[in-house]
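Take a look at the sequence and the model below. We'll start with a pocket and then work our way around.

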Amino acid sequence: MPHYVLTLSCPDRPGIVNAVTGHLLRFEGNILEAQQYNDRETDRFFMRTVFALAPESLPQAREGFDALARAFGMDWSLRDRSVPRRVMLLASKFDHCLADVLYRWRIGELPMAITAVVANHPRETYRHLDFDGIPFHYLPVEKTRRHEQEVQLAGLIEDTGTELVVLARYMQVLSAELARTLAGRCINIHHSFLPGFKGARPYHQAHARGVKLIGATAHFVTADLDEGPIIEQDTQRVSHHDTPDDLIRIGRDIERRVLAQALRYWLDDRILLNGHRTVVFAV
């Protein structure tokens, strides 16, 4: 039977799990995975359930979940896991994250449908990458025409039915308007140091301060620059022996794996928004 994934969040109260599982039982749904979490600070309940169900039972089961959502005040989604998510990749000159995502996609590690690669550099910049079968769009960013470029980008996202936009080291700041339009469906990757260094040449700044730990953060994009809900992070120790070039090399590796992990979580419906934070039902 097909496998479906149900995710939900709602105010916490007794009977939520019983209502969901009992509803699935009525349609002979077989639960394969179940994870839940109660945030005591916000008193909200979060749940992710994977189940097998006969396809002819899906319409009635969906209607029942809609009724449960009204009764419990749920935000919920129900998705057929066999249908690949539609993802758009945005990139700039530095293409290590783009190349890594494309490789993981081609070997089947990231099951998704890539709707397009969009870049603010021409196709020749990426001549060493395999875009076979993937539409490529060159949307240059000019200071006097930033709004027009974003209108084109937003139209492309809409026309392709893109569900998630991934900023794979896309070195352009999205406007507050576009960030709000893409709320909860746009992921960014950036370096994160302790302490943090913003602006140009962050690895050189870090080297000058003698940092001992560098890292990267994947987060949802919001109108507040680099302050969206965090999905995944990783760090690595460095030492006084490491040059700025060493830090750049190490940082690239961290950025690649953190972005890939965040994307993997999203594709498998493991991320639920909790205000300014996330609940991530990791494996």
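## The second largest pocket

The second largest pocket has a volume of about 370 Å³. Of its 16 lining residues, T7, S77, D269, I271 and L272 sit closest to the centre. Here a pocket is an open set of points on a 1 Å grid over the protein atoms alone, where a 1.4 Å probe fits and protein lies on both sides within 12 Å along at least five of seven lines; lining residues have an atom within 4 Å of a point. Grid points are joined across faces, edges and corners, and the volume is the space filled by probe spheres set on them.

Which strand gives the most to this lining? That's β4, with 5 residues. At least two residues each come from β1, β4 (75-80) and β12 (271-274). Strands are DSSP runs of E with at least two residues, helices are runs of H or I with at least four, and both are numbered from the N terminus.

## How to read the model

This is a predicted model, where local features need pLDDT of at least 70, side-chain atom pairs count only at pLDDT 80 or more, and totals for chains, interfaces and linings use all residues. Residues are numbered from 1 along each chain as its sequence is written, and side-chain values use heavy atoms, leaving out hydrogens and water.

Strand β3 (residues 44-52) is mostly covered, with 8 of its 9 residues buried (under 20% relative accessible area with a 1.4 Å probe, protein chains only; exposed is over 50%, partly exposed in between). Strand β1 (residues 3-11) runs antiparallel to β3, joined by 9 bridges, and P11 stands opposite R44. Two strands pair if DSSP finds at least two bridges between them.

β2 (residues 30-39) also pairs with β3 in the antiparallel sense, over 9 bridges, with Q35 opposite R48. β2 and β3 make a hairpin with 4 residues between them, and D43 in the turn has a positive phi of about 55 degrees.

Is H190 buried or exposed? H190 counts as buried because its relative accessibility is 15%. This residue lies in strand β9 (residues 186-191). Setting aside neighbours within four places in sequence, H190 is in contact (heavy atoms within 4.5 Å) with A216, T217, H219 and D226.

The largest pocket has a volume of about 1100 Å³. Among its 41 lining residues, R169, M171, H190, H191 and D226 are the closest to its centre.
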